[in-house]
Amino acid sequence: MRFELTLLGTNSALPAFGRFPSSQVLNIQENHYLIDCGEGAQIRMGECGVRRHKIKQVFISHLHGDHIYGLIGFLSSLSLSDRTAPMDIFAPLGLEEIIQVLLKYTGGLSFALKFHTIDTEQHRLIFENASVEVYSLPLVHCVPTSGFLFKEKSRPRNMKPEKIEAYNIPFHYIPEIKAGADYESSDGQLISNEELTLPPPAPRSYAYCSDTAYQKSLVPLIQGVNLLYHESTFCEDRQGQAALTGHSTAHQAATIAKMAGAERLVLGHYSSRYHSLEPFLKEARAVFPNTELGLDGKVFEVPLEKKV
Ligand SMILES: [Zn+2]
Ligand SMILES: [Zn+2]
């Protein structure tokens, strides 16, 4: 029941100081989601042991090059390994046109691409499968941009095995009881669901917020999130530049995490003006202590909790 984020690139704009532009892979219960795909993403996938053929959905926040220039190479590599499974690509308007032009002149793919245009001004459910729901998060940047909120779906309650035996519960009643029903035994005794089951582990969540200016409207949308990746392109010494370019400072990222009651904050999307990242960590931790630096190759796991 894995819930694990692997960072493939944590720099903004261009590769620098051993940091590649934005890209990451989220593994939720062995479903692998690629989030942004900057230059160098495939190199990091190899280094991090990410199996690219497992990725079935790609989520692109916006069309700046540092978030998409690795995508055509990634798709091309899959085609060279004769992939046949289709790929869903969620992105703001324009990506399909970019990719189709590239494919027109460089050759086609061995598999189909299904493009899904995101309305970057809306907070909407954009994808779901058996284990997860993905919502768009409207961000404030200089081009249409969407973050993503990944939320695990609730699991059924867990049966207490000893109760099945004690009350001689027929097998076909078990799915109903796990869904929350009480049980009436053959002699008319009503046994409450609480007595028969244990609560499932709490669903886990991850929010990806890059690129964005500081905006409080994000807070209610990501309230209580387990893991938050919030861009921090600059430190407070360049707050003016952050505001001008549609980016945030480490202090602002930490403020959002604090207001949202996030469990853990990961910083990233650093400007190449900064070699050392320690000032980011210091600045953010002063506001939100449970902050960590995002670094290429770093893995963040959200463990299962045993209570709701
Ligand atoms: Zn960027
Ligand atoms: Zn950008």
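User: Does H9 pass H10 in a left-handed or a right-handed crossing?
Analyst: H9 passes H10 in a right-handed crossing (left-handed if the near helix is turned anticlockwise from the far one by less than a right angle, right-handed if clockwise). Helices (H or I, at least four residues) and strands (E, at least two) are DSSP runs, numbered from the N terminus. This is a predicted model, in which local features need pLDDT of at least 70 and side-chain atom pairs count only at pLDDT 80 or more, while totals for chains, interfaces and linings use all residues. Residues are numbered from 1 along each chain as its sequence is written, and chains are lettered from A and ligands numbered from 1 in the order in which they are written.

User: At what angle do H9 and H10 pack?
Analyst: About 35 degrees, and the axes of H9 and H10 (residues 278-285) are 8 Å apart. Axes are lines fitted to C-alpha atoms, for helices over the stretch in contact, and angles run from 0 to 180 degrees between N-to-C directions.

User: Which residues in H9 and H10 meet?
Analyst: On the H9 side they are Ala250, His251, Ala253 and Ala254; on the H10 side, Phe280, Glu283 and Ala284. A contact needs C-beta atoms, placed from the backbone, within 7 Å.

User: Back up a bit. How many helices and strands are in the protein chain?
Analyst: The protein chain has 10 helices and 18 strands. Its C-alpha atoms fill a box of roughly 75 × 50 × 35 Å along the principal axes. Among contacts with a separation of 6 or more, 65% join residues 24 or more positions apart.

User: What domains does the assignment give?
Analyst: Domain 1 covers 3-155 + 200-301, and domain 2 covers 158-197; the bounds come from an automatic or database domain assignment. The C-alpha centres of the two lie 43 Å apart.

User: Where is Lys163?
Analyst: Lys163 is in helix H5 (residues 161-166). Beyond its neighbours within four places in sequence, Lys163 is in contact with Glu195 and Leu196.

User: Which residues touch the most other members of the largest nonpolar core?
Analyst: Ala207, Leu228, Ala257 and Leu265, out of 64 residues in that core. Helix H9 (residues 250-260) gives the most to this core, with six residues. A nonpolar core is a set of buried Ala, Val, Leu, Ile, Met, Phe, Trp, Tyr and Cys residues joined through C-beta atoms within 7 Å.

User: What does Ala207 touch?
Analyst: Leaving out residues up to four places away in sequence, Ala207 touches Leu137, Gly147, Leu149, Ile222, Val225 and Leu228.

User: Now the backbone. Which peptide bond is cis?
Analyst: The bond from Ser210 to Asp211 is cis, with omega near -5 degrees. Asp211 sits in the loop between strands E14 (205-209) and E15 (227-231).

User: What is phi of Asp36 near?
Analyst: Phi of Asp36 is near 60 degrees, a positive value in a residue other than glycine. Asp36 is in strand E3 (residues 31-37) and is buried, with 28 other C-beta atoms within 10 Å. His269 also has a phi near 60 degrees. His269 is in the loop between strand E16 (264-268) and H10.

User: Why does His269 count as buried?
Analyst: Because 30 other C-beta atoms lie within 10 Å of His269.

Definitions and conventions
A residue is buried if 20 or more other C-beta atoms lie within 10 Å of its own, exposed if 12 or fewer, and partly exposed in between; C-beta atoms are placed from the backbone. Two residues are in contact if their C-beta atoms, placed from the backbone, lie within 7 Å.
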